[in-house]
There are 2 protein chains.
Amino acid sequence: MENCYWPILNHADEPPWLLPPTSAADDRAASASRSHSEAEKRRRDRINAQLSTLRKLIPKSEKMDKAALLGHVVDHVKEQRQRAKEVSKSSSMPSENDEVVVDQIQDGSEQIKASICCDDRPELFAEIGSALKSLEATIVEADITSLGGRIRANFVISAASSSAASHIKMALTRLLISSGSGYGVRSKRQRFFYPTPR
Amino acid sequence: MENCYWPILNHADEPPWLLPPTSAADDRAASASRSHSEAEKRRRDRINAQLSTLRKLIPKSEKMDKAALLGHVVDHVKEQRQRAKEVSKSSSMPSENDEVVVDQIQDGSEQIKASICCDDRPELFAEIGSALKSLEATIVEADITSLGGRIRANFVISAASSSAASHIKMALTRLLISSGSGYGVRSKRQRFFYPTPR
DNA sequence: AACGACACGTGATTC
DNA sequence: TGAATCACGTGTCGT
């Protein structure tokens with residue numbers, strides 16, 4: 001800034017006697033200014049390096065300005081969050097509470113999502129199968145996870161009847177009741193899944 | 001920049017007659033400079049806005065400088081990528097090929113991961129259960145998914161014996177063979193999971 | 001010319 | 001005090 005006292009046409013290749021007198025204070029100031037701008041450049045480089053690795057991680061992010069890139073990064077993070085949440089929802093660990101959830105995926109769709117969580121027992125799969133068969137429902141997809149004597153089963157079911165959802169819910173609820181409501185008297189027959197030790 | 005011809009002590013509150021003469025060219029230049037700096041500020045604001053929303057998404061990112069924040073963002077994205085990859089590995093859809101995979105989670109650990117992929121049939125679970133019971137192995141965790149008459153079952157098994165892993169692999173392989181190698185003659189008994197229509 | 005995006009150097013602030 | 005971070009205005013390049 002002090003150099004602004006001299007005209008801007010003052011190029012570095014001009015004769016030295018045209019340059020301003022140099023004091024010790026000027027030297028210190030110049031040195032400080034230089035290290036300052038160098039440090040600032042290092043900072044910019046660090047930021048831009050991270051920006052560039054982000055560009056490699058995000059698809060189609062070449063040819064995007066910084067703001068757009070960061071915008072897509074936030075979208076990407078939010079999408080991944082949502083995915084993870086839905087995965088842990090649809091294929092979750094069995095909980096402590098018995099429950100049956102049935103709902104139409106879309107209105108007019110014959111796809112139905114059904115879920116049951118209850119104590120494990122060896123006949124359960126067969127019972128569910130025969131129940132759904134009597135309802136003329138087809139199991140398109142099944143995902144069953146068991147832990148500690150409890151079991152959670154998620155189904156994607158295809159059914160022609162429009163009232164199938166409520167029938168399925170009734171049938172599964174009946175299975176759940178016949179499982180849990182033994183006045184504490186459970187079947188003595190061997191479970192397929194054993195309780196986890198410790 | 002042209003203003004640099006005047007001393008920097010030229011404050012705004014000084015008498016106007018000390019100010020440089022104003023030409024139409026100067027006016028245009030000043031206006032351009034102003035809109036330029038305003039546009040640049042808008043750009044900075046867009047970038048910083050995204051940075052700020054990223055800060056809300058990343059935990060513990062308050063009090064982090066921009067470079068550190070972006071660094072943690074890349075880590076976060078990579079971690080989520082890895083998580084998603086491992087989830088789709090551990091709980092995968094059944095494949096076309098029969099297979100049995102068994103391996104110790106760690107040396108000296110009694111935790112064993114076992115996986116079987118084959119055609120679905122109603123007695124399969126019971127067979128696996130009795131096979132593992134005869135090996136004194138305990139099913140700690142089970143995850144079974146079925147699609148299109150095929151089934152994939154992933155287990156986490158706890159077994160005391162050090163040779164349990166190979167025994168488990170033999171037992172599961174035997175089940176797989178008794179399932180597929182019927183010279184095309186499959187059990188006529190009703191499957192629990194039906195093949196998906198169309 | 002005019003606008004948008006970038007890098008640069010600098011003043012201000014904080015520790 | 002120096003070191004580190006930020007916002008700002010400006011120079012520059014490409015469209």
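Is Glu136(A) buried or exposed? Glu136(A) is exposed, with a relative accessible area of 68%, where buried means under 20%, exposed over 50% and partly exposed in between, with a 1.4 Å probe and protein chains only.

This is a predicted model, in which local features need pLDDT of at least 70 and side-chain atom pairs count only at pLDDT 80 or more, while totals for chains, interfaces and linings use all residues. Residues are numbered from 1 along each chain as its sequence is written, chains are lettered from A and ligands numbered from 1 in the order in which they are written, and side-chain values use heavy atoms, with hydrogens and water left out.

**View 1. The surroundings of DNA strand C.** DNA strand C is surrounded by 14 residues, of which the closest are Ser33(A), His36(A), Lys41(A), Lys66(A) and Glu40(B); a residue is near the strand if one of its heavy atoms lies within 4 Å of it. Seven residues of this surface, the largest share, come from α1(A), and α1 (24-57) of chain A and α1 (24-57) of chain B each supply at least two. Helices (H or I, at least four residues) and strands (E, at least two) are DSSP runs, numbered from the N terminus. By class, the surface holds eight charged, five polar and one nonpolar residue, with Asp, Glu, Lys and Arg counted as charged, Ala, Val, Leu, Ile, Met, Phe, Trp, Tyr, Cys and Pro as nonpolar, and the others, Gly among them, as polar.

**View 2. Side chains at the phosphates of DNA strand C.** From chain B, the side chain of Arg43(B) has an N or O atom 3.2 Å from a phosphate oxygen.

**View 3. Two loop residues of chain A with positive phi.** Lys60(A), in the loop between α1 and α2 (66-90), has a phi near 60 degrees, although Lys60(A) is a residue other than glycine. Glu136(A), in the loop between α3 and β3 (137-147), has a positive phi of about 55 degrees. Lys60(A) is exposed, with a relative accessible area of 77%.

**View 4. Confidence along chain A.** The mean pLDDT of chain A is 81, pLDDT being the predictor's confidence in each residue, from 0 to 100. Over residues 1-12 of chain A, pLDDT stays under 50. Where pLDDT is low, the predicted coordinates should not be read in detail.

How values were computed. A polar contact is a pair of N or O atoms within 3.5 Å; within protein, one must be able to donate a hydrogen and the other to accept it, and residues adjacent in sequence count only if both atoms are side-chain atoms. Contact means heavy atoms within 4.5 Å.
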